[in-house]
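Please open the model in your viewer and keep the selection tool at hand.

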Amino acid sequence: LKGADSWNKRYAELDGLEIDQYPQGARDYPLSDVLHTGAVFLAQVEAAQAAYCASDNRTWGIRDEHPQAKAHWDLMLMGLNGLRADPLAVAALHRKVEATEKELIDIKMANGFMRGNGTGDKKALERAVEAAYTKMGLPAPLTDSGKGVSTNRETLSESGDPVLEQIATLTGNSTLAKTFIPALLRATEQAAHPKWSVLVATGRVSVSDPNLNNQPRKGGVRECWIPSPGHYFIAADYAMAELCSLAQVCIDLFGYSVMGDALNAGQDLHVLLASDVLGLDYDEANTRYIQGDPELSEWRQVAKAGNFGFPGGASAKTFVKYAKQSYGLRITQEVADKTRRAWLNRWQEMNSYFAFISGKGDLFRIEQIRSGRIRGKCYYTSGANTYFQGLTADGAKTALSMISDECLTGYSWLHPQNHPVTRGVQAPSPLYGAKPVAFIYDEFLIDAPSATVHEATDRLCYLMVQGMGSMTPNVKPRVDPAIMTRWFKGAKSKRGDDGRYTIYTGK
């Protein structure tokens, strides 16, 4: 390496030397690095001042910088808290993955997709893909290069062939589970300390080592994570968080939201849309759904996919694929068209929303409502998603700040005893001594002492409502909590007359 920047990777050459013995270039490089970083920051401040500072009543700084910096600190503490894994559950998962691998090999061997020596027969798999798509009257998807038939998991899962779809499912489950096993094995001996990143393009957070945001829904990975001895996990997530945020965005932009009215009235948005598709009165449809009517249950799932899929600008054609990939639903183009028409008719504000997004052109920037954060280089779908995903992320991070403070110190600016005179006299928050250990978009996972877990659950829900409510003042958020013995997906806790919750054990 040569030049002024060459010392970036050469400091090992100076091992054992005092700093005053370093060559001038080796001494200048770290100093210039600091100066360059400072220059970038000042340039950002200068560029942002005209846009933000007048409305933010500040004379310097980038709007949204302070909340993001606080969230970064809270996420770092969360990573330090760490997560432990149950050795028995990890061993069982390992055996399950090995069994899945064997099943996958057996299926491939039985259908001629694998040779006797254990190597794959790609040509045979390509022929099967071509036959499956021809049967559906469609051309077989090609690889990215266009030189051959695609055999990736998405192609197999949409082939309509039961064997190919089973291969896709088993491959997906096995691959995803296998990526977690090394981290889980380490966490049986020493807590895993995930690395959190505070800000991606939409405003959400990301996490790695391990990627807790992308755990398999099934298969037992999530259930390997356990609380500290003498503790329970509290999992609490926002009900329809992004739909609440979408409604708030429409209220801010257009002055009204039918979706917001329905949410505030406590209506089930998915049943409401399903009732429109079926031509039923909402109360009748909701009663039938509660009673377990299979037709309502099926259409509610389609409506759920629509309520979460269409806000990002999905067409009816795209919705067929989205419903299959995200919800495992096989729907026809006719059903997709019918659902989208009902969706746009029910949520009238979305016509204005899409017109608003379209009016921004082909490449535009978005200033996030409330926080003022900028996302540049948006296209139609990324722009449509960013407004409500970003608002949800801002509300959840606001809640994270208060939750983290009360867990660590017993107090936050929302706590009724948060006055210097009463500190140490009044009882601290029931969250004091608990530890946030995961934050998955709109869900919090707290490791809480068993002695205070019921009171901590109530306090957690309160702070979550307050935090998100600061971003959605016209649409009241709702939180669904569960107390559990390990991290279960879809866990539920019922609250008794004595104020205490049932403990979910997975049985």
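This is a predicted model: local features need pLDDT of at least 70, side-chain atom pairs count only at pLDDT 80 or more; totals for chains, interfaces and linings use all residues.

**First stop: the partner of Arg300**

Arg300 and Asp268 meet in a salt bridge, with an N to O distance of 3.1 Å. The pair links distant parts of the chain, its members being 32 residues apart. Arg300 belongs to helix α11 (residues 294–309), whereas Asp268 lies in the loop between α8 (258–264) and α9 (269–278). Asp268 has a relative accessibility of 16%, so this residue also counts as buried. In general, side chains of opposite charge can pair when their charged atoms come close.

**Second stop: Asp480 and Arg478**

Next, select Asp480 and Arg478. These residues form a salt bridge in which the closest N and O atoms are 3.7 Å apart.

Now select Glu284, Arg288, Asp293 and Glu295 together. Salt bridges that share partners join Glu284, Arg288, Asp293 and Glu295 into one network. Within this selection, display Asp293 and Arg288: their closest N and O atoms are 3.2 Å apart, and the two residues form a salt bridge. Both Asp293 and Arg288 are buried. How many salt bridges does the model contain? The count comes to 24.

**Last stop: the second largest pocket**

To find the second largest pocket, select Tyr133, Leu138, Glu158, Val320 and Lys321, the lining residues that lie nearest its centre. The lining of this pocket comprises 22 residues, and the space in the pocket is about 600 Å³.

Which helix gives the most to the lining of the second largest pocket? Select α12 (316–327): this helix gives the most, with 5 residues. Then select α5 (153–157), which, like α12, supplies at least two residues of the lining.

Finally, colour the lining of the second largest pocket by residue class. The lining has 9 nonpolar residues, together with 7 polar and 6 charged ones.

Definitions and conventions: Residues are numbered from 1 along each chain as its sequence is written. Side-chain values use heavy atoms; hydrogens and water are left out. On a 1 Å grid over the protein atoms alone, a cavity is a set of points where a 1.4 Å probe fits but cannot get out, and a pocket is an open set with protein on both sides within 12 Å along at least five of seven lines; lining residues have an atom within 4 Å of a point. Grid points are joined across faces, edges and corners, and a volume is the space filled by probe spheres set on the points. Helices (H or I, at least four residues) and strands (E, at least two) are DSSP runs, numbered from the N terminus. Ala, Val, Leu, Ile, Met, Phe, Trp, Tyr, Cys and Pro count as nonpolar, Asp, Glu, Lys and Arg as charged, and the others, Gly among them, as polar. A salt bridge is a side-chain nitrogen of Lys or Arg within 4 Å of a carboxyl oxygen of Asp or Glu. Buried means under 20% relative accessible area, exposed over 50%, partly exposed in between (1.4 Å probe, protein chains only).
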